[in-house]
Amino acid sequence: MQQGQTPAGVKIEAFPEKTMIFGLFRKKNNNQAIVDRQYAALTAAARMPDLYERLNVPDTVMGRFEMLSIVMILFFRRTRASAVSGQEIAQEIVDAFFQDIDYSIRELGIGDNSVPKRMKKLAGMFYGRLEAYSKAMDAGDREALALALQRNIYPESPAPADMSGLAGWIMAAEAHLSAIPEEMIAGGAAKLPPVANSSVA
């Protein structure tokens, strides 16, 4: 299913990416190997030690959720302009992302009755970040992006860490992804760049 459509094929114009949540838990198709390869590359990027050691992302459960959300947002922004095959892969990757979250919640011993409410909250957090970060990135505003990251990653801290380095990496990562050929997106071979010295300047 293409981004921006519900299972019934009804297009939502306001923010197409939001409708991807409706694809949760449906059966995967022949793209499985491609999706697995791409999803593994994205999750590996979210776990790069430099993000936590140099760019002030807290190495906690929620800190890792924030980084997973960021790499997913970067990938979905890249695939908005992709052909149908790239958009289908993106749809299945967001399904896998939320399936992983669901699994992790259950592994923590959360009761079945509480899981849907927690999933709804986390999905809302993800799409809220998608909107906030996209607004700053579309404007090329690194300072606004850093402030949005600060609000989300350190929501209750009286002295939140500086997120300008992470904002710089995100901007560089988007530029990197935009230069990746479409055949690499369709083949699940897109990778995010490492943390460079310029990201923390």
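Trainee: What angle do the axes of helix H3 and H7 make where they cross?
Mentor: Roughly 30°, in this predicted model. The axes of H3 (residues 61-79) and H7 come within 9 Å. H3 passes H7 in a right-handed crossing.

Trainee: What makes this a contact between H3 and H7?
Mentor: The cut-off is heavy atoms within 4.5 Å. In H3, Met 67, Ile 70, Val 71, Leu 74, Phe 75, Arg 77 and Arg 78 take part. They meet Leu 166, Trp 169, Ile 170, Ala 173, Glu 174, Leu 177 and Ser 178 in H7. By class, the residues of this contact are 10 nonpolar, 1 polar and 3 charged.

Trainee: Why is H3 called largely enclosed by the rest of the structure?
Mentor: Count its buried residues. Buried means under 20% relative accessible area. In H3, 15 of the 19 residues are buried, so the helix is largely enclosed by the rest of the structure.

Trainee: Why is Met 72 called buried?
Mentor: Its relative accessible area is 0%. The cut-off for buried is under 20%, so Met 72 qualifies. Met 72 sits in helix H3.

Trainee: Which residues does Met 72 touch, leaving out those up to four places away in sequence?
Mentor: Tyr 39, Leu 42, Ile 93, Phe 97 and Phe 126. Tyr 39 and Leu 42 are themselves among the buried residues of H1.

Trainee: Is Leu 192 buried or exposed?
Mentor: Buried. Its relative accessible area is 12%, which is under the 20% cut-off, so the label holds. Leu 192 is found in the segment after helix H8 (182-186).

Trainee: What does Leu 192 touch, again leaving out residues up to four places away in sequence?
Mentor: Leu 42, Ala 45, Val 71, Leu 74, Trp 169, Ala 173, His 176 and Leu 177. Among these, Trp 169, Ala 173 and Leu 177 are buried residues of H7. Leu 192 and Glu 174 are 18 residues apart in sequence and 8.5 Å apart in space, C-alpha to C-alpha.

Trainee: At what angle do H6 and H7 pack?
Mentor: About 120°, with their axes 8 Å apart. H6 covers residues 142-153 and H7 covers residues 164-178. Their crossing is right-handed.

Trainee: Which residues make that contact?
Mentor: H6 gives Arg 142, Leu 145, Ala 146, Leu 149 and Ile 153. H7 gives Ser 164, Gly 165, Leu 166, Ala 167, Gly 168, Ile 170 and Met 171. The classes come to 8 nonpolar, 3 polar and 1 charged.

Trainee: Why is Ala 144 called partly exposed?
Mentor: Its relative accessible area is 28%. Buried is under 20% and exposed is over 50%, so Ala 144 falls in between. Ala 144 is in helix H6. Its C-alpha atom is 9.4 Å from that of Ser 164, 20 residues apart along the chain.

Trainee: What is noted about phi of Asn 56?
Mentor: Phi is near 70°, a positive value in a residue other than glycine. Most residues other than glycine have a negative phi. Asn 56 lies in the loop between helix H2 (49-53) and H3. At 31% relative accessibility, Asn 56 counts as partly exposed.

Definitions and conventions. Residues numbered from 1 in each chain as written. Predicted model: local features only at pLDDT ≥ 70, side-chain atom pairs only at ≥ 80, totals over all residues. Heavy atoms only, no water. Axes fitted to C-alpha atoms, helices over the stretch in contact; angles between N-to-C directions. Helix = DSSP H or I, 4+ residues; strand = E, 2+ residues; numbered from the N terminus. Left-handed = near helix turned anticlockwise from the far one by under 90°. Nonpolar A, V, L, I, M, F, W, Y, C, P; charged D, E, K, R; others polar. Buried < 20%, exposed > 50% of the residue type's maximum accessible area, 1.4 Å probe, protein only.
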